[in-house]
Amino acid sequence: MPPPAGFVKKHVTDLAYETREELGLSPFDRLEPLALAEYLAIPVRKLSELREENPAAADYFLTRDPAAFSGVTVFHGSGRVILHNDAHSPARQASNICHELGHGLLLHDPTPAVDGSGCREWDQVMEDQAQWMAGALLIHELGLVTALRRGSEPSEIARRYGVSEDMVTWRINMTGAYRRAHPAHR
Ligand SMILES: [Zn+2]
């Protein structure tokens, strides 16, 4: 039987905060995704760098349909490389790269990217864990609660952490940060 979801979330959160500490970050500091990638020795490549090798594919995802491709981890032997779409906003790129680094931190095995009928296969459990990891890496809940207690708006918090406002709102909802910042409003 798989462990309950709450248990897994706590494990992922703990690992994310430990990783932030290893990088020397306080709960209030911004995490730079490329610094974390370097620390984990995982190379990160931009989609625009592939223009010369495959202009049709690169241009399709960079200009025609950027939403269709965020990032992917490519495995070769025992190594991995992250390829991400640098046409996305810096805030989205931070989330995309941390999502892929999350797969690495969680030691997710490579899964076949494409199934027999040519469709991309997803393991929703691993995807949810990687996304949870990205959120916890980028926004420490102690920093979030403190900022809310001081009256910071989500847009200010987003700027401080280099993330989107959507990511801040999602973290507020998922961690109960607003209620913890303003216990009287219960
Ligand atoms: Zn993923």
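Me: Which residues does Trp132 touch, leaving out residues up to four places away in sequence?

Reply: Not counting residues up to four places away in sequence, Trp132 touches Lys9 and Val12. Please keep in mind that this is a predicted model.

Me: Where does Trp132 lie, and is it buried or exposed?

Reply: Trp132 lies in helix 5, and it counts as buried because 21 other C-beta atoms are found within 10 Å, where 20 or more are needed.

Me: OK, back to helix 1 and helix 5. At what angle do they pack?

Reply: The angle between helix 1 and helix 5 is about 40°, and their axes are 9 Å apart, which means that helix 1 is oblique to helix 5. The crossing in which helix 1 passes helix 5 is right-handed.

Me: Which residues make that contact?

Reply: From helix 1 come Val8, Lys9, Val12, Thr13, Ala16, Tyr17, Thr19 and Arg20, while helix 5 brings Gln129, Trp132, Met133, Ala136 and Leu137. Sorted by class, the contact of helix 1 with helix 5 has 8 nonpolar, 3 polar and 2 charged residues.

Me: And helix 4 against helix 5, what's the geometry there?

Reply: Helix 4, residues 90-105, packs on helix 5, residues 124-138, at an angle of about 115°, with the two axes 7 Å apart. Here helix 4 passes helix 5 in a right-handed crossing.

Me: Which residues meet, and how many of them are charged?

Reply: On the helix 4 side they are Ala94, Ser95, Cys98, His99, Gly102, His103 and Leu105, and these meet Met126, Ala130, Gln131, Met133, Ala134, Leu137 and Leu138 in helix 5. By class, this contact of helix 4 with helix 5 has no charged residues, and it divides into 9 nonpolar and 5 polar.

Me: What about the core, how many residues does the largest nonpolar one have?

Reply: The largest nonpolar core has 29 residues, and those with the most contacts inside it are Cys98, Met133, Leu137, Leu138, Ile139, Leu144 and Val163. Two or more residues each are given to this core by helix 1, helix 4, helix 5, helix 6 (141-149), helix 7 and helix 8. Helix 5 gives the most to this core, with 7 residues.

Me: Moving on to helix 7 and helix 8. How are they arranged?

Reply: Helix 7, residues 154-161, and helix 8, residues 165-175, pack at an angle of about 110°, with their axes 8 Å apart, and helix 7 is therefore roughly perpendicular to helix 8. In the contact, Pro154, Ser155, Ile157 and Ala158 of helix 7 meet Glu165, Met167, Val168 and Thr169 of helix 8. The residues of this contact of helix 7 with helix 8 comprise 5 nonpolar, 2 polar and 1 charged.

Me: Why does Thr175 count as partly exposed?

Reply: Because Thr175 has 19 C-beta neighbours inside 10 Å, whereas a buried residue needs 20 or more and an exposed one has 12 or fewer.

Me: Last one: where is Glu32 found, and is it buried, exposed or in between?

Reply: Glu32 is found in the loop between helix 1 (5-22) and helix 2 (33-39), and it is partly exposed, with 15 other C-beta atoms within 10 Å. Between Glu32 and Lys46 there are 14 residues of separation in sequence and 16 Å in space, C-alpha to C-alpha.

Methods: Residues are numbered from 1 along each chain as its sequence is written. This is a predicted model: local features need pLDDT of at least 70, side-chain atom pairs count only at pLDDT 80 or more; totals for chains, interfaces and linings use all residues. Axes are lines fitted to C-alpha atoms, for helices over the stretch in contact, and angles run from 0 to 180 degrees between N-to-C directions. Helices (H or I, at least four residues) and strands (E, at least two) are DSSP runs, numbered from the N terminus. A crossing is left-handed if the near helix is turned anticlockwise from the far one by less than a right angle, and right-handed if clockwise. Two residues are in contact if their C-beta atoms, placed from the backbone, lie within 7 Å. Ala, Val, Leu, Ile, Met, Phe, Trp, Tyr, Cys and Pro count as nonpolar, Asp, Glu, Lys and Arg as charged, and the others, Gly among them, as polar. Angles under 35 degrees count as roughly parallel, over 145 as roughly antiparallel, 65 to 115 as roughly perpendicular and the rest as oblique. A nonpolar core is a set of buried Ala, Val, Leu, Ile, Met, Phe, Trp, Tyr and Cys residues joined through C-beta atoms within 7 Å.
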